[in-house]
Amino acid sequence: MIGTESFLNMPLLAYADEIEAPVLLIHGEKAHSRYFSEDTYKKLKGDNKELMIIPGASHTDLYDQVDIIPFDRITTFFEENLN
């Protein structure tokens with residue numbers, strides 16, 4: 001069985017600048033891991049990327065609070081970029 005320890009040593013954003021596919025990052029403003037999406041967004045190249053920070057939301061708020069999930073913007077992003 002192969003362990004996952006090797007992933008712990010892998011800098012996760014090392015190749016982010018090689019991604020050519022559209023990327024939509026959605027994070028809550030109060031999420032403890034928000035920095036990761038912000039750092040990722042900065043490393044991505046091209047104009048087919050978007051970072052959405054949802055005001056007042058925590059990490060888990062975006063799991064099931066359908067009143068704050070930006071479904072319209074998500075739909076638009078996919079329609080614009082996945083043709």
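Rings of Phe, Tyr and Trp (its six-membered ring) are taken to pair if their centres lie within 6.5 Å; planes under 30 degrees apart count as stacked, over 60 as edge-to-face and the rest as tilted. By that criterion, a search of the whole structure finds one aromatic pair. Select Phe77 and Phe78: they form this edge-to-face pair, with 6.2 Å centre to centre and 70° between the planes. Phe77 counts as buried because its relative accessibility is 4%, whereas Phe78, at 43%, counts as partly exposed. Here buried means under 20% relative accessible area, exposed over 50%, and partly exposed in between (1.4 Å probe, protein chains only).

This is a predicted model, in which local features need pLDDT of at least 70 and side-chain atom pairs count only at pLDDT 80 or more, while totals for chains, interfaces and linings use all residues. Residues are numbered from 1 along each chain as its sequence is written, and side-chain values use heavy atoms, with hydrogens and water left out.

Next, display the whole chain as a cartoon. The protein chain has four helices and two strands, in the order α-β-α-β-α-α along the sequence. Helices (H or I, at least four residues) and strands (E, at least two) are DSSP runs, numbered from the N terminus. Of the 83 residues, 27% count as buried.

Now select strand S1 (residues 23-28) and strand S2 (residues 49-54). The two strands run parallel and are joined by six bridges; strands pair if DSSP finds at least two bridges between them. Val23 has Lys49 in S2 as its bridge partner.

Within S1, select His27. His27 counts as buried because its relative accessibility is 10%. The side chains of His27 and Ser37 are joined by a polar contact of 2.7 Å (a pair of N or O atoms within 3.5 Å; within protein, one must be able to donate a hydrogen and the other to accept it, and residues adjacent in sequence count only if both atoms are side-chain atoms). Beyond four places in sequence, His27 also touches residues including Met52, Ile54 and Leu62, where contact means heavy atoms within 4.5 Å.

Finally, select Met52, Ile54, Ala57, Leu62, Ile69 and Ile74, the six residues of the largest nonpolar core. Such a core is a set of buried Ala, Val, Leu, Ile, Met, Phe, Trp, Tyr and Cys residues joined through side-chain atoms within 4.5 Å. Apart from this core lies another, of five residues, among them Ala16, Val23, Leu25 and Leu44.
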